[in-house]
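Visitor: I would like to learn how to read a model of this kind, feature by feature. Could you take me through it?

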Amino acid sequence: MSSSVFFADIRSRDEHSSLVSKVRDLFTVANLPAGISKGDRTAVKLHFGELGNDSYINPVFVRAVVDKVREAGAMPFLTDTNTLYLGSRGNAVDHLETAIAHGFAYAVVGAPIIIADGLRGQNSVRISFSGRNIKNAMIAGDIAAADSLVVLSHFKGHEVAGFGGAIKNLGMGCATPAGKREQHAARPFSRMELCTGCCRCESACPAGAVRVTEAKASIDKASCIGCFECMTVCPSRAIEIDWETEIEPFLERIVEYACAVVDKKKKKAGFMNFLLRITPDCDCVPWSDTAIVPDIGILASDDPVALDAASFDLVNQQPGLPGSFLESGSRPGEDKFSGMRAWTRSDYQLRYAEEIGLGSRSYHLVTL
Ligand code: SF4
Ligand code: SF4
């Protein structure tokens, strides 16, 4: 069955067609308030951006969503979970400091922030799930405890998943660090013949698992936590995982976690994707590269799979931007995500999500 995905472009010539107005309008026409009951404690799940990153969702758009949740009679709170790696969001104190530094203060966004898995990621709820890979998903306690959920996602590329949108924000983004570790079961290895010994991987590794000796990197798999930071920073593509055997189970685990998160919130979750500043990497990296395609707009739906499928298609319909990270696939209609990283399998994320009932890849786009 086809799902409705509502779309607003980026053009604006007066205050009624500003992007902030469009966020409010999308929330209404996509009927996201239908999932929110009076008195709900509504989790607004987003990503505050790693310190140094500046492509996360603009807090003024988040404020527009918060106001709409309040109009529905609910009490919104902004939320995210602690990261697997150290960085600037590895515990709730650092995470809150980062969120405030990035403009998510109460005075701006109109809602409190709760880091959903607690100070050190131990506020965890086990949700049983009979997936191919996951039997007990470890979900952040305060996301599980919320009455309803609004998931705001910056749609962009990802080193291993291909793209990150609503599905990844649900699956990886709502898991505790232990849950993230379970999903990141893949371990990378270095390709000596490509390594130049620049040591960037060694500096980036949060687990001390990389050693560069005699200008060659090696990875201790026993210490590795599978965060893929080394792959992201390597300028020589000298670090890889076994794409033949690891990529599909990795995507399956993300999708199964996403299902576990919404399983207990049937009809109580809504989703918005922001196709603005579509960078090659996720907002977990402490930088933001130039966009790979022009800004497109904002989408909303109650179906995260249809929403990501529509976002994926809209990005691919664009021409690639010269001077960006794109290596191929620049023509309109070509896959931009495999044009950056030929090994990724974006389509598999969507296919598996549909296969296990998270939503439908079939959608009809309703333009505001
Ligand atoms: S070796 Fe790479 S994937 Fe493993 S913990 Fe270090 S940075 Fe993360
Ligand atoms: S970042 Fe890449 S090139 Fe540099 S040392 Fe590590 S593996 Fe080698």
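This is a predicted model: local features need pLDDT of at least 70, side-chain atom pairs count only at pLDDT 80 or more; totals for chains, interfaces and linings use all residues.

Visitor: Which residues other than glycine have a positive phi?

Guide: Asn31 is one of them, with a phi of about 60°, and Glu214 is another, with a phi near 50°. Asn31 sits in the loop between helix 1 and strand 2 (41-45), whereas Glu214 belongs to the loop between strand 11 (210-213) and strand 12 (216-219).

Visitor: Is Glu214 buried or exposed, and why?

Guide: Burial is read from a count: a residue is buried if 20 or more other C-beta atoms, placed from the backbone, lie within 10 Å of its own, exposed if 12 or fewer, and partly exposed in between. Glu214 is exposed because 5 other C-beta atoms lie within 10 Å, and Asn31 is partly exposed because its count is 14.

Visitor: How many C-beta atoms lie within 10 Å of Ser124, and what does Ser124 contact?

Guide: Ser124 has 21 other C-beta atoms within 10 Å and is therefore buried; it lies in strand 5 (residues 124-128). Contact means that the C-beta atoms of two residues, placed from the backbone, lie within 7 Å. Leaving aside neighbours within four places in sequence, Ser124 is in contact with Asp117, Met138, Ala140, Gly141, Thr176 and Ala178.

Visitor: Which residues of helix 13 are buried, and what do they pack against?

Guide: In helix 13 (residues 346-355), the buried residues are Ser346, Gln349, Leu350, Tyr352 and Ala353. They pack against strand 9 (162-164), helix 6 (166-171), helix 10 (243-263), helix 11 (304-317) and helix 12 (336-340).

Visitor: At what angle do helix 1 and helix 2 cross?

Guide: Two packed helices are described by the angle between their axes and the distance between the axes. An axis is a line fitted to C-alpha atoms, for helices over the stretch in contact, and angles run from 0 to 180 degrees between N-to-C directions. The axes of helix 1 (residues 19-29) and helix 2 (residues 59-71) cross at roughly 35° and come within 9 Å. Leu19, Val20, Val23, Arg24 and Phe27 of helix 1 make the contact with Val60, Phe61, Ala64, Val65 and Lys68 of helix 2.

Visitor: Which residues are closest to ligand 1 and to ligand 2?

Guide: A residue is counted near a molecule if its C-beta atom, placed from the backbone, lies within 6 Å of it. On that basis 14 residues surround ligand 1, the closest being Cys205, Ala209, Cys224, Cys227 and Cys230. Around ligand 2 there are 15 residues, and the closest are Cys195, Cys198, Cys201, Ala217 and Cys234.

Visitor: How far apart are the centres of domain 1 and domain 2?

Guide: Domain bounds come from an automatic or database domain assignment, which here gives domain 1 (3-183 + 245-367) and domain 2 (189-239). Their C-alpha centres lie 28 Å apart, and 8 residues of domain 1 are in contact with 8 residues of domain 2.

Note on methods. Residues are numbered from 1 along each chain as its sequence is written. Chains are lettered from A and ligands numbered from 1 in the order in which they are written. Helices (H or I, at least four residues) and strands (E, at least two) are DSSP runs, numbered from the N terminus.
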